[in-house]
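Reader: I would like a close look at one single part of this model, taken slowly and with the terms spelled out.

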Amino acid sequence: MIDFINNIFESFISLGGPAIMFIIITLLSLGFGVKFSKSLESGIRMAIALTGMTAAISLLTEALGPALNAFVESTGVNLNITDLGWAPMAVITWGSVYTLYFALICIITNLVLLFFNKTQTLNVDLFNIWNISIIGLLIEYYAHNIIITSLFVILIYIFMLKNSDALKPSINYVLNYDKKNVTTTAHPSLLIAPFVLILDKIITRYLPFIDKYDFNAETLNRKIGFWGSKFAIGVYLGAFIGILGQQSVKEILTLGFTTGVVLELFAYIGGWFGPAIGPLSEKISKLMTSKFKDRKLFIGIDWPILAASAELWAVVNILAPLLLLIAMFLPGNNVLPLGGILMTVLVPALLLITKGKVIRMTVIGTILIPLFLWAATMISNYLTNTSKKIGEFPSGLSEKQMFSSVDSDPIEKMLGVLIGRAWDTMDLALVTFAIVSLVAYILLFTWYFKAMDKRNANG
């Protein structure tokens, strides 16, 4: 029976993110009373937006790859683990029966929290459950204990939903949404927000003067024209990486123009998400107002709702070369960042916590980048070995080549590996370290939610 259900579920998931969200948004809109034509339009808009964003990111990643590889070859930097982005992890997770189980307990957790009014977010971004699943699989890989694994997955998912609630006012501010808007994102990558908030508070206390020099992309455009535009910033990045890779003049210019047009596409495509969710948002607002006068339900979708922000892509472009440089010299890192070069798993949290302050975003992002590289190095053995076992080892890599992913939730991944190993070995020192780390993690989020409540209350 489990295999039968899992086969059905995998058939649904195999449709891909855009198709899944097309079905979910269409059916959810119909369920809330939106007219069929409008429901269908919303689903199609969402699917097109996701497809466009994925295509734009793929275009940029493919354009950067040869130059980065050439740079590594010319410098002799020893980074023997290749970052292939999020796709291999998604393949591993959706090829596991555990992902169906994780999806089920996460959905139940969401509904229970809504019923008891412990969250305002209904997460409909089912496709990205693989981000949670990979954390659970890491624990299960070492611990072989479904109870420990389940408890940690539920804890992470609760924090994810509560974090979505906490960041909603910041989303409204950054995207200029009115208070009636119910669109939010519960993407797991935003779990890095407490660490961003700590550094943001340190800057506020000890380095507040840096805000005097801050800017946003729109202001920069008005002051210096096209030199600060999105496409110009993209050209700078492409040319910089092309020069590092010792490319020809033609290749440097082509790379620069490619990154320039992709950056423009990011902002343009990011504006499609609002209209896609609009009819559903309106219906939910009316329903919640009539049924629960003191409650408001948010709809959690993927992070690209934030892609309309010029500041987000400005910092993405600043951090991309910094990620590469840090990877070259960071002790304990063996990963060459390719698939995750854009750091879109970090910048959305930077944007929301700092409310678009570019200098703060850049400083904090630079400080946090090592966490993502260390986590990618730590999980490389698991990803490489597991992909071989299930017959999904990426083509184009030699059999001895290791790969990984510079992706979201570095703290959660490292904590998952620590808990799994501690349970497996029962080494007293390791168990003690795991317990202390888990308690510290829970206390950090407890503080974070209180701090965000205070911040949101003060506007």
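Which residues does G420 touch, not counting residues up to four places away in sequence?

Author: This is a predicted model, in which local features need pLDDT of at least 70 and side-chain atom pairs count only at pLDDT 80 or more, while totals for chains, interfaces and linings use all residues. Residues are numbered from 1 along each chain as its sequence is written, and side-chain values use heavy atoms, with hydrogens and water left out.

Leaving aside residues up to four places away in sequence, G420 touches I139, Y142 and A143, where contact means heavy atoms within 4.5 Å. G420 itself lies in helix 17, which covers residues 410-425; helices here are DSSP runs of H or I with at least four residues, and strands are runs of E with at least two, both numbered from the N terminus. One of the residues that G420 touches is I139, and although G420 and I139 are 281 residues apart along the chain, their C-alpha atoms are separated by 4.4 Å. The relative accessible area of G420 is 0%, so G420 is buried, a word that stands for under 20% relative accessible area, with exposed meaning over 50% and partly exposed in between (1.4 Å probe, protein chains only).

For a view of another part of the chain, helix 13 (residues 310-329) and helix 15 (residues 358-378) pack at an angle of about 40°, their axes being 9 Å apart, where axes are lines fitted to C-alpha atoms, for helices over the stretch in contact, and angles run from 0 to 180 degrees between N-to-C directions. Among the residues that meet there are L319 and L322 of helix 13, and G365 and I369 of helix 15.
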